[in-house]
Amino acid sequence: MTTHVTVIGLGAMGSTMAEMFLKAGHQVTVWNRTPGKAGALVALGAHEASSPAEAGELLVISQLDYQAMYDSLGDVDLRGKVLVNLSSDAPSVLREASDWVAARGGVLVTGGIMVPPPGIGRPGAYTFYSGPAEVVTRHTETLKAISDVTYVGADPALAMVFYQSQLFMFWSGLTAYMYASALAQSAGVAPSQLLPFAQETFGGIAGEGPMGFLKYLTAEFEERSYPGEANSLHMQAVGMGHVVHAFEEAGIDATLPVALKRLFERADAEGRGAEGLGTVIESIKKP
Ligand code: NDP
């Protein structure tokens, strides 16, 4: 089925989305704040609108943040429009945006897309969507041109809750790897020598074996019970101090290790040192 899709925002993400909608056979209109970015898309068959007011029913927005949507569509009649906003922002901003669109007669579907530009429209790409289920369902076939559709609930904030959670794990996990590699290099260990062990650690954490801590911790979070007989938090807080010591004596930055040490020590000081590592989540929930 051919749909008329208007892509608002032609940055790295929006341009690729527009290309994928075109390749899927949809009728595509594009608009960007700064003109001059639509040439390649027009050559592929897109229509470049001179104003976002020219949009069809379905608007797919990919801009820097939600303020950009207000700046772009503040004067546009949104009656009968479905806005699918795939920009990043904070969950509360998405809730406010949903009310803002509804007050103008439109419907907002929020999304958090989990791939960079080269992954858009490729196998394995997926996007968290939240908002009215029936609207997401109605547009699922069209949206599949850019990624799989993973609907996470009616609360418009949820797409960003899932997206930010994933992004935080991605950034902090990779930054931990940068710290680990810097420490290894300070002792003359080549990054490629560390790589197989990093793969073992990340793979093990996500897996089903004895290092499958994602699964263990999830069960503990569900129960809010953190048995620590085999490896107490207190022991790990002391061990984290040794990690910090290693970074400091290597003369490299210790910001992230120090932050972890402080967090573990706070949970210990709150009286839960005999529990397991998972108990740290209780300290995270109460800053
Ligand atoms: P870019 O910086 O490439 O593009 C930003 C877009 O936002 C441009 O079209 C820009 O228009 C527009 N824009 C910015 N401010 C305004 C404004 N005030 N009014 C109107 N338009 C505005 O960003 P990306 O395409 O990389 O990212 C877009 C969104 O997707 C971001 O929220 C990002 O966090 C998210 N994202 C990005 C990923 C990535 O790997 N790149 C992955 C997943 C999500 P102009 O050309 O006029 O400046």
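A salt bridge, for this notebook, is a side-chain nitrogen of Lys or Arg within 4 Å of a carboxyl oxygen of Asp or Glu. I am working on a predicted model, where local features need pLDDT of at least 70 and side-chain atom pairs count only at pLDDT 80 or more, while totals for chains, interfaces and linings use all residues. Residues are numbered from 1 along each chain as its sequence is written, and side-chain values use heavy atoms, with hydrogens and water left out.

**Entry 1: salt bridges**

I looked up the salt bridges and got a count of eleven. Arg-95 pairs with Asp-155, with 2.9 Å between the closest N and O atoms. I placed Arg-95 in helix H4 (residues 91–103) and Asp-155 in the loop between strand E8 (148–153) and helix H6 (158–186), so this pair ties together parts that are 60 residues apart in sequence. Helices here are DSSP runs of H or I with at least four residues, strands are runs of E with at least two, and both are numbered from the N terminus.

I then checked accessibility, taking buried as under 20% relative accessible area, exposed as over 50% and partly exposed as in between (1.4 Å probe, protein chains only). Arg-95 is partly exposed at 40%, and Asp-155 is partly exposed at 26%.

Next I looked at Asp-77 and Arg-79, whose side chains form a salt bridge at 2.7 Å, N to O. Asp-77 is partly exposed at 43%, whereas Arg-79 is exposed at 63%. Glu-141 bridges to Lys-144, the closest N and O atoms being 3.4 Å apart; Glu-141 is exposed at 56% and Lys-144 partly exposed at 43%. I also noted one network in which salt bridges with shared partners join Arg-224, Glu-282 and Lys-285.

**Entry 2: nonpolar cores**

I took a nonpolar core as a set of buried Ala, Val, Leu, Ile, Met, Phe, Trp, Tyr and Cys residues joined through side-chain atoms within 4.5 Å. The largest one has 30 residues, and those with the most contacts inside it are Met-17, Phe-21, Val-30, Val-60 and Val-84. Among the elements that each supply at least two of its residues are strand E1 (4–8), helix H1 (12–23), strand E5 (82–85) and helix H5 (133–143). H1 gives the largest share, six residues.

Beyond its neighbours within four places in sequence, Val-84 contacts Leu-58, Leu-59, Val-60, Ile-61, Val-109, Tyr-129 and Leu-143. A second, separate core has 21 residues, including Tyr-66, Leu-78, Trp-100 and Leu-108.

**Entry 3: Ser-130**

Ser-130 sits in strand E7 (residues 126–130) and is buried, at 0% relative accessible area. Its side chain reaches the backbone oxygen of Pro-156 at 3.0 Å. A polar atom of the Ser-130 side chain also lies 2.9 Å from the backbone nitrogen of Ala-159. Leaving out residues up to four places away in sequence, I found that Ser-130 touches several others, including Val-109, Tyr-151, Asp-155 and Leu-158.

**Entry 4: the ligand**

Which residues come nearest to the ligand? Of the 22 around it, they are Met-13, Asn-32, Thr-34, Lys-37 and Ser-88, where a residue counts as near if one of its heavy atoms lies within 4 Å. I found a polar side-chain atom of Thr-34 at 2.5 Å from a ligand oxygen, and one of Asn-32 at 2.7 Å from a ligand oxygen. A polar backbone atom of Gly-11 is 3.3 Å from an oxygen of the ligand. Alone, the ligand exposes 900 Å², and the protein buries 75% of that (accessible areas by the Shrake-Rupley method, 1.4 Å probe).

Conventions:
Contact means heavy atoms within 4.5 Å. A polar contact is a pair of N or O atoms within 3.5 Å; within protein, one must be able to donate a hydrogen and the other to accept it, and residues adjacent in sequence count only if both atoms are side-chain atoms.
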